Amino acid sequence: MIRFALIVASVLGFALTAALGNLMVPLLRELERSLRGQAPDPKTEPQHEPLQPVPALGGLCLMVGTLAAVGVGWVAACAAQPSLLGSDGNLMTRLLIALAGALAFGGIGLADDLARVRSGYPNGLGLRRGVRFGLEAAAAAAVLGLLALNGCLPGGLILPGKGYVSFAAAPLLWGVLLVALAECGRVADGADGTVCGAAFAAMLGLMLLETQLGWFPLAVLPAALAGALMAFLLWNFPPAKLRPGKCGCLFLTGAIGCIPLCMGYAELAVPLALPFWAEGGMVLLQILSYRLTGRTLFRAAPLHRWLEKRGHGDVSIFCSLCALSVCGLALTMGLARWA
């Protein structure tokens with residue numbers, strides 16, 4: 001019956017996100033225009049519709065659709081198996097913390113998007129770096145604190161060949177991991193469909209992992225998010241009519257980081273988020289190279305911009321990032337065998 005709950009969560013996530021996307025495209029366009037202080041011109045607006053900027057607050061669709069789908073899916077799971085409400089593994093607590101963590105990072109992304117729009121999107125700078133890092137660190141600390149209070153915080157990690165190894169600095173490492181992953185997700189926003197395509201593969205992988213590691217009821221969250229992402233790709237696939245923005249990117253990377261952490265295997269997020277590490281890693285190397293040598297290491301960064309410079313189209317970049325995500329998924333499944 002748990003499988004039925006996963007199907008409910010996935011289908012509802014798809015239906016709600018598809019409906020919200022259809023409703024919110026014109027609303028978000030008007031919102032961004034009003035925040036920029038621009039008034040629509042009824043005489044020229046229809047003629048210049050294709051030239052209008054693509055709304056970049058689409059992450060709201062993902063957040064709302066996923067939240068509703070997870071709620072209904074978990075109710076269906078508990079109706080089929082009432083023992084989930086008081087299980088020894090704190091399944092409901094772990095699910096709520098993972099969902100709250102993802103929403104918290106998504107909220108930071110939303111604030112960043114709104115700041116960018118008000119300062120002249122798409123050229124606005126968004127939140128100040130110190131403020132952004134502080135908010136991300138606070139969100140990571142809140143997730144870790146809630147897990148610790150409920151006795152769910154992992155105190156080690158999986159090492160190939162050695163299994164699960166405990167060490168005292170694990171919580172600090174997981175906090176750094178969540179913040180770094182959020183920053184990588186932030187720079188990955190840009191190319192149509194790439195973030196959502198990579199996250200969709202990651203959510204399918206998390207469903208498989210939770211089945212393999214004995215956390216099958218927690219798969220309600222990645223199932224709902226996978227359905228929502230499939231619907232969002234209808235609007236985000238090149239050429240995009242709606243973009244996730246920083247809101248959607250931080251929500252997705254927050255989910256990729258928080259779900260394995262709440263399962264007790266936070267290190268699985270490292271290979272699982274391979275496309276995001278590649279995007280953020282190129283930017284970091286570019287910055288370090290310029291500061292140390294005064295020269296850039298790549299023609300462009302992050303990865304999707306580098307591929308654009310090499311003549312790849314939007315669909316080609318989308319397929320490349322999705323293929324990289326599948327490679328990361330294969331590495332994750334291999335690492336999970338040592339658990």
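Modeller: In this predicted model, helices α7 and α8 are roughly antiparallel to each other.

Colleague: Which angle do their axes make, and within what distance do they come?

Modeller: The axes of α7, residues 220–236, and α8, residues 245–263, cross at roughly 155 degrees and come within 12 Å. An angle over 145 degrees counts as roughly antiparallel, and α7 and α8 are therefore described in that way.

Colleague: Why are an angle and a distance both quoted?

Modeller: Two packed helices are described by the angle between their axes and the distance between the axes.

Colleague: Is the crossing of α7 and α8 left-handed or right-handed?

Modeller: The crossing of these two helices, α7 and α8, is left-handed.

Colleague: Which residues make the contact?

Modeller: Helix α7 contributes Leu221, Pro222, Leu225 and Leu229. From α8 come Phe251, Leu252, Ala255 and Ile259.

Colleague: How many of the residues in that contact are nonpolar, polar or charged?

Modeller: Eight are nonpolar, and the contact of α7 with α8 has no polar and no charged residues.

Colleague: Let us stay with α8. What can you tell me about threonine 253?

Modeller: Threonine 253 is located in helix α8. Its relative accessible area is 2%; buried means under 20%, so threonine 253 is buried.

Colleague: Which residues does threonine 253 touch?

Modeller: Setting aside residues up to four places away in sequence, threonine 253 touches Leu181, Ala182, Gly185 and Phe276.

Colleague: And how far is threonine 253 from glycine 264?

Modeller: In sequence, threonine 253 and glycine 264 are eleven residues apart. In space, their C-alpha atoms are 17 Å apart.

Colleague: Now for a charged residue. Is lysine 246 buried or exposed?

Modeller: Lysine 246, which is also found in helix α8, counts as buried at 7% relative accessibility.

Colleague: Which residues is lysine 246 in contact with?

Modeller: Apart from its neighbours within four places in sequence, lysine 246 is in contact with Gly109, Asp112, Asp113, Arg116, Arg186 and Asp189.

Colleague: Arginine 186 is one of those contacts. Where does arginine 186 lie?

Modeller: Arginine 186 is in helix α5, which covers residues 170–188. With a relative accessibility of 13%, arginine 186 counts as buried. Beyond its neighbours within four places in sequence, arginine 186 contacts Asp112, Leu125, Arg132, Lys246 and Leu250.

Colleague: Let us change topic. What about leucine 20?

Modeller: Leucine 20 lies in helix α1, residues 2–36. Not counting residues up to four places away in sequence, leucine 20 touches Cys61, Val64 and Gly65. Leucine 20 and proline 171 are 151 residues apart in sequence, and 37 Å separate their C-alpha atoms.

Colleague: Finally, the whole protein. How many helices and strands does the protein have?

Modeller: The protein has twelve helices and two strands. Along the sequence, their pattern is α-α-α-α-β-β-α-α-α-α-α-α-α-α. The radius of gyration is 20 Å, close to the 20 Å given by the globule rule for 339 residues, so the protein is as compact as a globular protein of that length.

Colleague: What box do the C-alpha atoms fill?

Modeller: Taken along the principal axes, the box is roughly 65 × 55 × 35 Å.

Colleague: And what share of the residues counts as buried?

Modeller: Of the 339 residues, 51% count as buried. As for contacts with a separation of 6 or more, 75% are accounted for by residues 24 or more positions apart.

How values were computed:
Residues numbered from 1 in each chain as written. Predicted model: local features only at pLDDT ≥ 70, side-chain atom pairs only at ≥ 80, totals over all residues. Heavy atoms only, no water. Axes fitted to C-alpha atoms, helices over the stretch in contact; angles between N-to-C directions. Helix = DSSP H or I, 4+ residues; strand = E, 2+ residues; numbered from the N terminus. Parallel < 35°, antiparallel > 145°, perpendicular 65-115°, else oblique. Left-handed = near helix turned anticlockwise from the far one by under 90°. Contact = heavy atoms within 4.5 Å. Nonpolar A, V, L, I, M, F, W, Y, C, P; charged D, E, K, R; others polar. Rg over C-alpha atoms; globule rule 2.2 N^0.38 Å. Buried < 20%, exposed > 50% of the residue type's maximum accessible area, 1.4 Å probe, protein only.
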